[in-house]
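Hi there,

Here is the structure I promised to pass on to you. Have a look at it first, and then read on for what turned up.

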Amino acid sequence: MMKGPVVAISADIDPSAVVGADTRIWHLAQVREGARLGSGCIIGRGAYVGPGVVIGDNVKLQNYALVYEPARLEDSVFIGPAVVLTNDMYPRSVDVSGNLKRSDDWHAQGVVPDFALVAGVPARRIGWVGRAGERLADEGDGKWRCPRTGELYQEQEGVLVAV
């Protein structure tokens with residue numbers, strides 16, 4: 001009957017971060033300023049949640065997963081061990097003149113669309129998953145069906161929505 005968050009003593013949680021009820025944050029995890037974590041989350045050992053990142057309810061960040069701003073993870077998302085959700089499409093420490101890059105030298109970008117199944121380095125969408133977490137079957141004409149629940153989804157302009 002947990003209510004408030006449970007935070008390991010070695011975790012580093014910025015005072016301005018909001019952590020929902022029943023969320024567990026394990027050893028050496030860091031949650032930066034302005035981050036918002038929903039209820040029922042598990043933030044694994046050594047995980048990182050960047051400034052202003054928004055995480056929904058019942059999200060699992062496995063050990064050493066890194067989630068950089070401006071990521072927004074909806075409810076029930078699973079991020080595997082050591083996954084990095086980065087925010088710079090062209091990462092370099094210096095600009096073309098050789099000067100150290102600062103925050104104004106790049107544009108932070110978000111992460112993949114809802115229901116996307118991604119793999120690889122860099123990650124590419126390799127399919128879709130439904131609410132049950134199973135890979136969806138392609139039925140043609142942009143329609144995808146969950147083999148477990150039978151739910152139907154429609155792909156439109158690179159986004160999947162439940163029908």
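Two strands count as paired if DSSP finds at least two bridges between them. With that in mind, strand 18 (residues 143-145) and strand 19 (residues 152-156) are joined by 3 bridges and run antiparallel. Arg-145, for instance, has Leu-152 in strand 19 as its bridge partner. Please keep in mind that this is a predicted model.

These two strands belong to an open sheet of 4 strands, in the order 17-18-19-20, with antiparallel pairing. Strand 17 (137-140) and strand 20 (159-162) are at the edges; each has a single partner strand, so one side of each has no neighbour in the sheet. From one strand to the next, the twist averages 35 degrees.

Leaving aside residues up to four places away in sequence, Ile-25 touches Val-6, Val-7, Ala-8, Ala-11, Ile-13, Val-19, Val-31, Leu-37 and Ile-43.

How many disulfides does the structure hold? There are 0. Cys-41 has 0% relative accessibility and counts as buried, and Cys-146, at 2%, counts as buried too because the cut-off for buried is under 20%.

Now to the charged side chains. Side chains of opposite charge can pair when their charged atoms come close. The structure holds 6 salt bridges, and here are some of them:

- Glu-134 and Arg-148 meet at 2.8 Å, N to O. Glu-134 sits in the loop between strand 16 (124-128) and strand 17, and Arg-148 in the loop between strand 18 and strand 19, so the pair ties together parts 14 residues apart in sequence. Glu-134 is partly exposed at 26% relative accessibility, whereas Arg-148 is exposed at 58%.
- Arg-145, the bridge partner of Leu-152, also forms a salt bridge with Glu-139, with the closest N and O atoms 2.9 Å apart. Arg-145 is partly exposed, with a relative accessible area of 30%, and Glu-139 is partly exposed with 44%.
- Arg-72 and Glu-74 meet through their side chains at 3.3 Å, N to O. Glu-74 is partly exposed, at 35% relative accessibility.

Enjoy exploring it!

Best wishes

Key. Residues are numbered from 1 along each chain as its sequence is written. This is a predicted model: local features need pLDDT of at least 70, side-chain atom pairs count only at pLDDT 80 or more; totals for chains, interfaces and linings use all residues. Side-chain values use heavy atoms; hydrogens and water are left out. Axes are lines fitted to C-alpha atoms, for helices over the stretch in contact, and angles run from 0 to 180 degrees between N-to-C directions. Contact means heavy atoms within 4.5 Å. A disulfide is a pair of cysteine sulfur atoms within 2.5 Å. Buried means under 20% relative accessible area, exposed over 50%, partly exposed in between (1.4 Å probe, protein chains only). A salt bridge is a side-chain nitrogen of Lys or Arg within 4 Å of a carboxyl oxygen of Asp or Glu.
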